[in-house]
Amino acid sequence: ASPVDSKLIKERKQSVLRQLHEAAASGATPGARKAGSPGGAEKGSPGKGTQKGSLSAEQEGSADPDGEVQEASRVLLQRPNDPEALRKRAEAYLKKGLTAKAIADLDALLVQQPDSPDLLLRRCMAHQLVGNTEAALRDAT
């Protein structure tokens with residue numbers, strides 16, 4: 001990552017960490033929404049990654065996350081650990097609100113790139129979306 005990217009990632013990470021600490025102190029779940037509200041949780045328990053929502057506005061660019069999942073999955077059949085396909089599929093899963101599947105792909109990416117601040121931040125934010133504060137804090141620190 002460029003120095004500017006690294007600075008932005010660090011600032012975002014610090015912001016997420018502040019939110020997590022504030023939420024932990026108040027007993028609230030950062031980023032969580034009530035079921036039935038726009039972008040709220042689907043049926044299922046919050047820890048299972050079934051909450052709708054996206055991590056960032058940049059991820060909302062594609063009109064066809066289903067197609068992105070299918071295309072990335074096709075690539076992964078040929079090259080199971082392809083980092084670009086895993087990244088694209090994780091982002092598409094997040095757009096679809098399939099946070100647990102996105103976290104699984106981010107986990108696979110982090111095996112390959114364990115010190116990637118971008119991947120740690122994305123997984124941290126995904127954990128935050130489903131109310132998994134402990135896992136989010138681990139990734140944020």
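Modeller: A salt bridge here is a side-chain nitrogen of Lys or Arg within 4 Å of a carboxyl oxygen of Asp or Glu. Keep in mind that this is a predicted model, where local features need pLDDT of at least 70, side-chain atom pairs count only at pLDDT 80 or more, and totals for chains, interfaces and linings use all residues. Residues are numbered from 1 along each chain as its sequence is written, and side-chain values use heavy atoms, without hydrogens and water.

Biologist: OK, what does Glu 68 form a salt bridge with?

Modeller: Lys 95, with the closest N and O atoms 2.9 Å apart. That pair links distant parts of the chain, Glu 68 in helix 2 and Lys 95 in helix 3, 27 residues apart. Helices are DSSP runs (H or I, at least four residues), numbered from the N terminus.

Biologist: And Asp 105 with Arg 89, buried or exposed?

Modeller: Both are buried, meaning under 20% relative accessible area with a 1.4 Å probe, protein chains only. Their side chains meet in a salt bridge at 2.7 Å, N to O.

Biologist: Switching topic: what covers the buried residues of helix 3?

Modeller: The cover includes helix 2, helix 4 and helix 5. As one case, Ala 90 is in contact (heavy atoms within 4.5 Å) with Ala 102, Asp 105 and Leu 106, leaving aside neighbours within four places in sequence.

Biologist: Which residue follows helix 3?

Modeller: Gly 97, and its phi is positive, near 80°.

Key
Helix = DSSP H or I, 4+ residues; strand = E, 2+ residues; numbered from the N terminus. Buried < 20%, exposed > 50% of the residue type's maximum accessible area, 1.4 Å probe, protein only.
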